Amino acid sequence: MQEKIKALVIDDEVDFCYFVQKNLMQSGMFDVLVSNNGKDGIKMAVNNKPDIILLDLFMPDMPGEDVADALKENFITAKIPILFVTALATNDDVTEGAENKIGNNYILPKPIRTKKLMETIMKILNKTSSDK
Amino acid sequence: MANRISRKKTIFLVRLMVIITTAYFIIFSSVNREVEIYGYIFIVFYLLTNLIVAYIPEKYFHDDKIFYGFVLFDSILLPAGIYFSGYVGSDLYLMFFFIISLTTMSARFEYLMLNTIFFSIIYCWLLYEKGVLTGPQSGSYLIQIPFIMVIALFYGYLITTRLRDKDIRINEVRQRYEQIVQATDVLMCIVDYDGKFLFANQKFVKFHGCRDEENLYSLTISQFYHEDENEAEKSLNYVRSVYQNNDMVQYESLDKSHDIWFANTLSPIRDESNRNVIAVCIISKDITDRIEKENKLNHTVELLIKTRDQLIQQDKMAALGRMASGIAHEIRNPLEIIYMGVDYLENNIPDNNAQVLEAIEKIFNAVHRADTIIKNILSFSRQSECKITQIPICQLLDKTLSLAQQTIQKGRVTVKCEYDDKSLEVAGDYNMLEQVLLNLVNNAVDAMKESSPKVLMVRVYRKLITEIGYKTGYRYTDFFKIGDDMIIVEVSDTGKGMPKDVQSKIFEPFFTTKPSNEGTGLGLSIVHMIMERLNGTIDVESRENQGTTFFIKLQPTIKVFDAKEA
């Protein structure tokens, strides 16, 4: 049996985290960890070393970009790909999906269906593994 | 000069004194009773001549020859009177001074001397006739002649020197005025009622390219505007209005042949006695510099106002953009939860219930629609860079049509293009214009779903702006100025058309006639907003069941946007 992909969701939307966790885990391919704020998210990322981190851009305690910077600075989490899933995107170009990046990170605009989210995650992971 | 006693009056008074004195001699000094009757006749005659003098108009006394005629007449008459009275002696000698006094008024030395000689001869002859010259006292009488001469010379000298001084002073004053008139920087001329030149300073003569002043005096003011009849008539009308109103007139005019602006002041020159206007003095000052500065200033103010308006507009758009993206964020998060939640439900339906699946599909569609509206609102308010360049409009149209090819083919629509000139260019933002055209093409195709024939017609042409319209006219806020060109893109369909009440609303946000799951009602309002940003306009003409035509009016060159870029 294929090893499950370990994903960490850092988002202040509790209900979003709830459904992402449910949907991804139901697919049988994912193990999903959830954090509702940036600081805890960073701790969890360091402790659990997920395969991918889904990150919100706008969070009350610290902005997603700062979280991403903190993760990149830590050598344990530096190599983990980050996918921003955000409602803030106002640029149409963002809809192109996984090819778009903020800095070195990928971006996906909300609203997004589970299927597309999973596809995007797989694409990113394939790309990063082939890069290696 | 005004309080100077007129010559006529002086002559009249002097003659009256002469008559009174003569009458006194004749009446009281006569030794011969027989002659007395002639004496009276003479006095009456003399008085009569003075009465005539009273009725001769003043101006004749200013002519030296006529004046001298009077004096000569008196010179003969007076000795004649004395002769008749039979009294010739020192009294006659006294009378002579009156005559000299009269003669001096002619102000001519030659006439005075001529008169003196003439009178001396008569006097000598009278003395001879009376036999005085042969008598024992002849010496004392003869000595009077040189005295008369000396007195006449003395008077003559006084007159001439006084006159010469006066002349010198007059000349000095005249020269000063002449210098002022010629040295001044303004064009100066004097014209009469018909605009005929009476005087012009050298600056004026030189400016109008006349050979000399004499040449000018055969012309009238209207002849200087031979190229422009309106201007000629206007200038003459101003002159006449000065005559009629007896008041100063000021106006500004453009000399088209020299391209110089003048500030003209027309002042009346009045008759001293009755204050009527006898001529008009025109002073024209070159104010081209001032006008140019004024124009520059006006232009700057115009630019400032325009820029300010644009800044306000930009500010508004920025605020709207911030609000829209805030709203978008707030709505997209719950939408995301709905998506994810419904995904969860879909995966957990017991027995794959078809009805529940259908319901879930409807929920997805609704969320998708909400998301589309948000996207449109975002693009409506988006402050994306508006990059104005010269765009070959026909090429852009071809590209737009190829982008919409799928839609066009699906709708079985025939496309016709009419380009006046393939190389026509417009000033605008490439992406924005593409969005506008794509929107119109899609709308046209949609409008022809149920009609036949289905023809989409696209026309591009250049047009000279001659009529005032929406954002078209002379005001600084107008995008299109009368006399300029604009590029018009027409997109017309043979679709179902729109009633009037719909036409008036199509550019309003969220207004749509399409089924709610097809249109958001933002397409044309975005088009309208983009056109405003491109300093252009969009109009619509539509007839029900015949079709609709959209007219996009665009700037042909980038220059209109200079203000924005500055």
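This is a predicted model: local features need pLDDT of at least 70, side-chain atom pairs count only at pLDDT 80 or more; totals for chains, interfaces and linings use all residues.
## Contact of chain A with chain B

In this contact, chain A takes part with 17 residues and chain B with 18 residues. On the side of chain B that touches chain A, two helices, α11 (288–347) and α12 (354–381), each supply at least two residues, and it is α11(B) that gives the most, with 14 residues. By residue class, this side of chain B divides into 8 nonpolar, 5 polar and 5 charged residues.

## Helices α15 and α17 of chain B

Two packed helices are described by the angle between their axes and the distance between the axes. For helix α15 (residues 430–447) and helix α17 (residues 523–533) of chain B, the axes come within 10 Å and cross at roughly 145°, and the crossing in which α15(B) passes α17(B) is left-handed.

From α15(B), the contact is made by Met432(B), Gln435(B), Val436(B), Asn439(B), Leu440(B) and Asn443(B), while α17(B) contributes Gly523(B), Leu524(B), Val527(B), Ile530(B) and Met531(B). The residues of this contact comprise 7 nonpolar and 4 polar, with no charged residue.

## The β3–β4 hairpin of chain B

Strand β3 (residues 249–255) and strand β4 (residues 260–270) of chain B run antiparallel and are joined by 7 bridges. Together β3(B) and β4(B) form a hairpin with 4 residues between them, and Asp255(B) has Ile260(B) in β4(B) as its bridge partner. Within the turn, Asp259(B) has a positive phi of about 60°.

Notes. Residues are numbered from 1 along each chain as its sequence is written. Chains are lettered from A and ligands numbered from 1 in the order in which they are written. Two residues are in contact if their C-beta atoms, placed from the backbone, lie within 7 Å. Ala, Val, Leu, Ile, Met, Phe, Trp, Tyr, Cys and Pro count as nonpolar, Asp, Glu, Lys and Arg as charged, and the others, Gly among them, as polar. Axes are lines fitted to C-alpha atoms, for helices over the stretch in contact, and angles run from 0 to 180 degrees between N-to-C directions. A crossing is left-handed if the near helix is turned anticlockwise from the far one by less than a right angle, and right-handed if clockwise. Two strands pair if DSSP finds at least two bridges between them.
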